[in-house]
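Dear colleague,

I am passing on the structure below, followed by a short account of what I found in it. Please read the account with the coordinates open beside you.

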Amino acid sequence: MKTILNGKQMAITIDRLCHQLIENNLQFEQTVLIGLQPRGIYLSGRIHQTLLKLVPGARIDYGKLDITFYRDDFNQSKTLHVPNETNIDFSIENKKVVLIDDVLYTGRTIRSALDAMLDFGRPAAVELLTLIDRRFSRQLPIQPDYTGRTIDALISQKVRVLWNERDGKDEVVLID
């Protein structure tokens, strides 16, 4: 197991990603944030809270999206898929949507999220923010607009993002 980002590096990376979002969205009047269930919500929650501190007085719509029933392997898996909560209590119609997930790997999760998101309206634009981009593992032509760290990993390796809220510490590790 190799550490890619320790807790301090994760905090710095999240702060940088927030500043990049501010550069491109200013007050967020026409931008919404949507975290992908299950693990992307930890990153999106941190992004949302940090943005609220960095842009006082801004109203930044934030929701959580479950993609369980939109997965292209939903009916093929032998394991039971248990859905998580979707909570989007605002319109995404003609807004810029920033989808947030922890790791971009094959791109299939993002494809599913795009399908699921359309049930809530037609956005003007969609951007993708990921903490980790596994750039050589893509199966679909999906690329992040905001990236915390790009890594090269073998297909046999796994990237695990640990969150203090869930795992007791913040860290990104590469597992052989």
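Asp61 lies in strand E3 of what is a predicted model, and at 11% relative accessibility it counts as buried, because the cut-off for that class is under 20%. Leaving aside neighbours within four places in sequence, Asp61 is in contact with Val32, Leu33, Phe90 and Lys95, while its side chain makes a polar contact with the side chain of Arg59 at 3.1 Å. The C-alpha atoms of Asp61 and Glu29 are separated by 8.9 Å, although these residues stand 32 apart along the chain.

Strand E3 belongs to an open sheet of five strands, ordered E3-E2-E4-E5-E6 and paired in parallel. Strands E3 (61–65) and E6 (146–151) stand at the edges with a single partner strand each, so one side of each has no neighbour in the sheet. From one strand to the next, the twist averages 25 degrees. The partner of E3 is E2 (residues 31–36), and the two are joined in the parallel sense over five bridges, with Tyr62 in E3 as the bridge partner of Leu33. Helix H1 (residues 7–25) packs on the sheet, where it touches E2, E4 (96–104), E5 (125–134) and E6, and its direction makes about 140 degrees with that of E6.

A further residue to look at is Ser137, which lies in the loop between E5 and E6 and, at 8% relative accessibility, counts as buried. Apart from neighbours within four places in sequence, Ser137 is in contact with Tyr105, Thr106 and Ala153.

How values were computed. Residues numbered from 1 in each chain as written. Predicted model: local features only at pLDDT ≥ 70, side-chain atom pairs only at ≥ 80, totals over all residues. Heavy atoms only, no water. Pairing = 2+ DSSP bridges. Helix = DSSP H or I, 4+ residues; strand = E, 2+ residues; numbered from the N terminus. Axes fitted to C-alpha atoms, helices over the stretch in contact; angles between N-to-C directions. Contact = heavy atoms within 4.5 Å. Buried < 20%, exposed > 50% of the residue type's maximum accessible area, 1.4 Å probe, protein only. Polar contact = N/O pair within 3.5 Å; in protein donor to acceptor, adjacent residues only side chain to side chain.
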